[in-house]
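Here is a set of questions about one protein. Each answer sets a value against a definition.

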Amino acid sequence: MIPNAGACMLVKALLNTTEDDKEHAEQANTYLNLLEADIAEVFQRAIACKELSPAFNPNRLARRYQSNLNAIRIEAYRGITPEELEEAAEDLAREVEALS
């Protein structure tokens, strides 16, 4: 594993919870939902500033963005190289830039 590049604790908590640990799963879900809402707000501001088309759904964009971030976190946990992580982050940034 790459030093200091472990998977997000929230994602790990959510993936590792079981039927017997619903409380922790709900807490992890709550925090992930709050993060998604913050991301959606950023996309909403970009729409309001006409940086993005009003045809975009900020909640849908936020869900996709957060999913992509979580995928990068998983790849970090798997131990891909720092260069590969950087490429994945650059790809994600390009996807967001292409929305404008």
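Q: What makes a run of residues a helix or a strand here?
A: Helices (H or I, at least four residues) and strands (E, at least two) are DSSP runs, numbered from the N terminus. Leu69, for one, lies in helix H3. The model is predicted: local features need pLDDT of at least 70, side-chain atom pairs count only at pLDDT 80 or more, and totals for chains, interfaces and linings use all residues. Residues are numbered from 1 along each chain as its sequence is written, and side-chain values use heavy atoms, with hydrogens and water left out.

Q: How many helices and strands does the protein have?
A: The secondary structure comes to four helices and zero strands. Along the sequence, the pattern reads α-α-α-α. The C-alpha trace spans about 45 × 35 × 15 Å along its principal axes.

Q: Why is Leu69 called partly exposed?
A: Buried means under 20% relative accessible area, exposed over 50%, and partly exposed in between (1.4 Å probe, protein chains only). Leu69 has a relative accessible area of 24%, so Leu69 is partly exposed. In space, Leu69 is 9.2 Å from Ala88, C-alpha to C-alpha. In sequence, Leu69 and Ala88 are 19 residues apart.

Q: What share of the protein is buried?
A: Buried residues make up 27% of the 100 residues.

Q: What makes Phe43 and Tyr65 an aromatic pair, and why is the pair called edge-to-face?
A: Rings of Phe, Tyr and Trp (its six-membered ring) pair if their centres lie within 6.5 Å. Planes under 30 degrees apart count as stacked, over 60 as edge-to-face and the rest as tilted. By this rule the count comes to one aromatic pair. Phe43 and Tyr65 are 6.1 Å apart, centre to centre, with 80 degrees between the planes. The centres are within 6.5 Å and the angle is over 60, so the pair is edge-to-face.

Q: How many salt bridges does a search of the whole structure find?
A: The search finds three. One of them joins Glu75 and Arg78, at 2.5 Å from N to O. Glu75 and Arg78 both lie in helix H3, three residues apart, about one turn of the helix. Glu75 counts as partly exposed at 27% relative accessibility, and Arg78 counts as exposed at 60%.

Q: What makes Arg94 and Asp91 a salt bridge?
A: Their closest N and O atoms are 3.1 Å apart, so the pair meets the limit of 4 Å. Arg94 and Asp91 are three residues apart in helix H4, so about one helical turn separates them. Arg94, at 48% relative accessibility, counts as partly exposed. Asp91 counts as partly exposed too, at 40%.

Q: What makes the phi of Lys50 worth a look?
A: Most residues other than glycine have a negative phi. The phi of Lys50 is near 65 degrees, a positive value in a residue other than glycine. Lys50 sits in the loop between H2 and H3.

Q: Why is Lys50 called exposed?
A: Lys50 has 74% relative accessibility, so Lys50 counts as exposed.

Technical notes:
Salt bridge = Lys/Arg side-chain N within 4 Å of Asp/Glu carboxyl O.
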